[in-house]
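Good morning, and thank you for coming.

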Amino acid sequence: MPNPSTPRRTSTRQSPDRAQRDGRITRAMVLATALEIIDRDGVHGLSMRRLGQALGRDPMTLYRHAPNKAALLDGVAEIVLDQLKVDATDPDWAAQLRRVARNFRGLALAHPQVVPLLVTRPLATPLGLRPLGTLRPLEDVLELLTRAGFTGSDALHIYRALFGFLHGHILNELQEIVERPEETDALLRLGLHRLPIREFPILRGLAPVLASYDGAAELERGLDILLAGLATTITPTAQAHPPGHTANPANRP
């Protein structure tokens with residue numbers, strides 16, 4: 001969790017509840033409602049018409065807060081990632097990255113329908129054109145690592161390795177869907193009995209292991225491997241910066 005002494009970014013957004021009582025629609029309300037619709041019905045279930053119905057407003061009035069659906073999706077990704085806090089002053093960079101990874105997993109499991117917006121949607125947008133809120137975790141992790149003495153390029157490598165692992169882990173975990181929860185036989189629970197036994201003997205044989213999948217334990221095991229490998233292959237080359245000191249931007253990519 002972030003250090004209590006770390007300055008927090010303040011928001012000028014009005015509380016959605018207060019704005020609703022005042023009879024006004026704010027961007028925060030629009031995005032929060034859009035997130036509720038996506039959580040329930042998926043990205044394809046979101047439209048300006050449905051959003052207007054949920055807010056009790058003419059859909060045309062919503063364009064003041066989001067010019068199109070693409071902007072809505074970017075805004076939803078921002079409000080979810082805004083909950084991913086990074087304490088850039090933590091002297092233990094590896095422990096902080098582990099906390100970030102756990103929190104990212106928690107957000108993904110809380111909003112599984114939003115995962116495509118976090119993992120695959122950025123592929124269609126150049127880095128500099130993405131919503132600023134979605135880039136905040138990247139900037140904060142780079143600050144954490146450059147404070148620890150890593151060069152900008154090494155910090156970027158560590159970030160990419162971490163989030164590459166996290167994205168893959170989340171996609172794997174969300175695919176672990178049980179077909180028949182009431183069944184006690186692993187093959188039946190996962191639907192693996194449908195696979196031809198001669199073509200998938202190993203996969204079918206791993207049914208008990210697949211059925212006992214523990215996402216939290218898998219995350220920790222993967223982080224152990226990743227962070228240990230990073231610690232032995234990439235070492236800080238500069239003196240670590242004390243808390244409160246801003247890393248030299250020249251060291252950043």
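At what angle do the axes of helix α7 and helix α8 cross? Please bear in mind that this is a predicted model. Helix α7 covers residues 132-147 and helix α8 covers residues 152-175; their axes cross at roughly 125° and come within 9 Å. An angle over 145 degrees would count as roughly antiparallel, and 65 to 115 as roughly perpendicular; α7 and α8 are therefore oblique to each other. The crossing of α7 past α8 is right-handed. On the α7 side, the contact is made by P137, L138, V141, L142, L145 and T146, while α8 contributes G152, A155, L156, I158 and Y159. Sorted by class, this contact has 9 nonpolar residues, 2 polar ones and no charged ones.

The largest nonpolar core has 58 residues, and L51, L72, W93 and L97 have the most contacts inside it. Among the elements that give two or more residues to this core are α2, α5, α7, α8 and α12. The largest share, 8 residues, comes from α8. Which residues does L97 contact, leaving aside its neighbours within four places in sequence? They are V141, L144, L145, I158, L162 and L227.

Finally, consider N68, in the loop between α3 and α4. N68 has a relative accessible area of 37%, so it is partly exposed. Not counting residues up to four places away in sequence, N68 touches M48 and Y63. M48 is 20 residues from N68 along the chain, and their C-alpha atoms are separated by 8.0 Å.

How values were computed. Residues are numbered from 1 along each chain as its sequence is written. This is a predicted model: local features need pLDDT of at least 70, side-chain atom pairs count only at pLDDT 80 or more; totals for chains, interfaces and linings use all residues. Side-chain values use heavy atoms; hydrogens and water are left out. Axes are lines fitted to C-alpha atoms, for helices over the stretch in contact, and angles run from 0 to 180 degrees between N-to-C directions. Helices (H or I, at least four residues) and strands (E, at least two) are DSSP runs, numbered from the N terminus. Angles under 35 degrees count as roughly parallel, over 145 as roughly antiparallel, 65 to 115 as roughly perpendicular and the rest as oblique. A crossing is left-handed if the near helix is turned anticlockwise from the far one by less than a right angle, and right-handed if clockwise. Contact means heavy atoms within 4.5 Å. Ala, Val, Leu, Ile, Met, Phe, Trp, Tyr, Cys and Pro count as nonpolar, Asp, Glu, Lys and Arg as charged, and the others, Gly among them, as polar. A nonpolar core is a set of buried Ala, Val, Leu, Ile, Met, Phe, Trp, Tyr and Cys residues joined through side-chain atoms within 4.5 Å. Buried means under 20% relative accessible area, exposed over 50%, partly exposed in between (1.4 Å probe, protein chains only).
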